[in-house]
Amino acid sequence: MRLTYFGRLSDVAGCGEEDVDLPASVQDTLALRHWLDRRFATDAFVSDTVRIAIDDRLLPAPQTLEGATRIAFLPPVGGG
Amino acid sequence: MMLEIGPHPIDPAAALALIRKRAPAAGAVVSFTGCVRAEDGRVSALLLEAYSPLTERGIAAAMEETRRRWPLEDVLIKHRTGWIEAGETIVFVAAAAAHRRAAFEAADYLMDALKTDAVFWKKERANSGEERWIEPRPEDHEDRARWEVEG
C-alpha cells in the first residue's frame with residue numbers, strides 16, 4: 001500500500017510518501033489512522049481535521065481499504 | 001480556460017500576453033499577480049505543496065463555476081509549487097470578458113476560491129531558518145462567503 005502524507009503530516013511521518021505492508025488487522029481507514037498514530041507515536045492521524053483520499057478520491061470516513069492502492073492523508077490546507 | 005500548476009517561475013507579463021492572444025474578442029482583461037510577502041523581512045521563502053490530480057480538479061471546478069456566473073471569453077490561472085522566494089510570483093489569475101465588470105468580478109471570485117478551496121499546503125521559512133506549516137485563516141472564509149449571498 002502506498003501512503004502519502006501532505007503538509008505537516010509529512011514532518012510527522014518523516015517522509016512524503018512510502019510503501020508499507022499493512023497488518024491484516026488494518027481493514028479500514030479508521031484502523032489505519034490508529035495504526036499510524038501508534039507507529040509514529042502521535043495523535044495527528046486520528047484527528048477528524050485530517051481528511052483521507054483513497055486512490056485520489058476524497059471520501060467520507062471510515063472506508064474499507066479493500067482494493068485501494070494509494071491512501072493520502074490531508075491536513076487542513078493553509079490560507080493566504 | 002487554462003490552468004497550469006508547477007514549480008517553474010511565473011512570468012506575469014507573458015501570461016497576460018497569452019490570455020490576450022487566447023481571447024482576441026475580449027474588451028477587458030483583468031489580471032491579479034500574487035507574490036510571496038517578505039513580512040518586513042521576516043519571511044525568506046514559502047513552500048507550496050499540491051496534490052495532483054485533486055488540486056487541479058478542484059481549481060478547474062472553480063474555473064467552470066466562474067464561467068457559469070459571468071460571461072467570459074477566457075480564464076487563465078498559473079500557480080507555482082515548491083519553494084518560492086520572497087518577492088517572487090506565486091499565482092497569476094486573469095479573466096477576459098467583453099466588458100470590464102465581469103472581468104473584475106470573475107478575477108476577484110477566482111482568487112477568493114483559490115484562497116479557501118484550493119488544495120495547497122504552505123510552509124513558511126523565516127529568515128532565521130525556522131520553518132512552520134501555515135494553518136487556514138478565518139478571514140479567507142469570510143472573503144469566500146461574500147459570493148454565497150450575492151450568488
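A polar contact is a pair of N or O atoms within 3.5 Å; within protein, one of the two must be able to donate a hydrogen and the other to accept it. In the predicted model described here, such a contact joins the side chains of A:Glu18 and A:Tyr5, at 2.6 Å. A:Glu18 belongs to strand β2 of chain A, which spans residues 17-19. With a relative accessible area of 18%, A:Glu18 is buried, because the cut-off for that class is under 20%. Leaving aside neighbours within four places in sequence, the residues in contact with A:Glu18 are A:Met1, A:Arg2, A:Leu3, A:Tyr5, A:Arg39 and A:Phe40.

The confidence of the prediction was examined next. The model scores an ipTM of 0.90 and a pTM of 0.89. Chain A has an average pLDDT of 93, and 98% of its residues score at least 70. For chain B the average is 93, with 95% of the residues at 70 or above. Within chain A, strand β1 (residues 2-5) has the highest confidence, at 98, whereas β4(A) has the lowest, at a mean of 92.

The largest nonpolar core contains 29 residues. Those with the most contacts inside this core are B:Ile59, B:Trp70, B:Leu72, B:Ile77, B:Ile90, B:Val93 and B:Leu114. At least two residues of the core come from each of β2 (28-35), β3 (43-50), α2 (54-69), β4 (72-80), β6 (89-97) and α3 (100-117) of chain B. Helix α3(B) gives the most, namely eight residues. Apart from this core lies another, of 19 residues, including A:Leu3, A:Ala44, A:Ile71 and A:Phe73. In chain B, residues up to four places away in sequence not counted, B:Leu114 touches B:Ile59, B:Ile77, B:His79, B:Val91 and B:Val93. Of these partners, B:Ile59, B:Ile77 and B:Val93 are also listed among the residues with the most contacts inside the 29-residue core.

B:Thr66 is located in helix α2 of chain B. Its relative accessibility is 0%, and B:Thr66 therefore counts as buried. A polar atom of the B:Thr66 side chain lies 2.7 Å from the backbone oxygen of B:Ala62. Beyond four places in sequence, B:Thr66 touches B:Leu72, B:Ala106, B:Tyr109 and B:Leu110. B:Leu72 is also one of the residues with the most contacts inside the core of 29 residues.

The two chains meet in an interface to which chain A contributes 18 residues and chain B 21 residues. Together, chain A and chain B bury about 1700 Å², of which 54% is on carbon and sulfur atoms. Six residue pairs are in polar contact between the chains, both residues being at pLDDT 80 or more. On the side of chain A that touches chain B, the elements that give two or more residues are α1 (8-13), β4 (57-58) and β5 (70-74). One salt bridge is found across the interface. A salt bridge joins B:Lys123 to A:Asp11, with the closest N and O atoms 3.4 Å apart.

Several backbone features were also identified. The peptide bond from B:Ser52 to B:Pro53 is cis, with omega near 5°, and B:Pro53 is found in the loop between β3 and α2 of chain B. A:Ala41 is placed in the loop between α2 (29-40) and β3 (51-54) of chain A, whereas A:Asp56 lies in the loop between β3 and β4 of that chain. A:Ala41 is exposed, with a relative accessible area of 71%; A:Asp56, at 17% relative accessibility, counts as buried.

A further residue of chain A, A:Leu30, lies in helix α2. A:Leu30 is partly exposed, with a relative accessible area of 41%. A:Leu30 and A:Thr64 are 34 residues apart in sequence, and their C-alpha atoms are 8.9 Å apart in space.

How values were computed. Residues numbered from 1 in each chain as written. Chains lettered and ligands numbered in written order. Heavy atoms only, no water. pLDDT = per-residue confidence, 0-100. Core = buried A, V, L, I, M, F, W, Y, C linked by side-chain atoms within 4.5 Å. Buried < 20%, exposed > 50% of the residue type's maximum accessible area, 1.4 Å probe, protein only. Helix = DSSP H or I, 4+ residues; strand = E, 2+ residues; numbered from the N terminus. Contact = heavy atoms within 4.5 Å. Buried area = accessible area lost by both parts, 1.4 Å probe. Salt bridge = Lys/Arg side-chain N within 4 Å of Asp/Glu carboxyl O.
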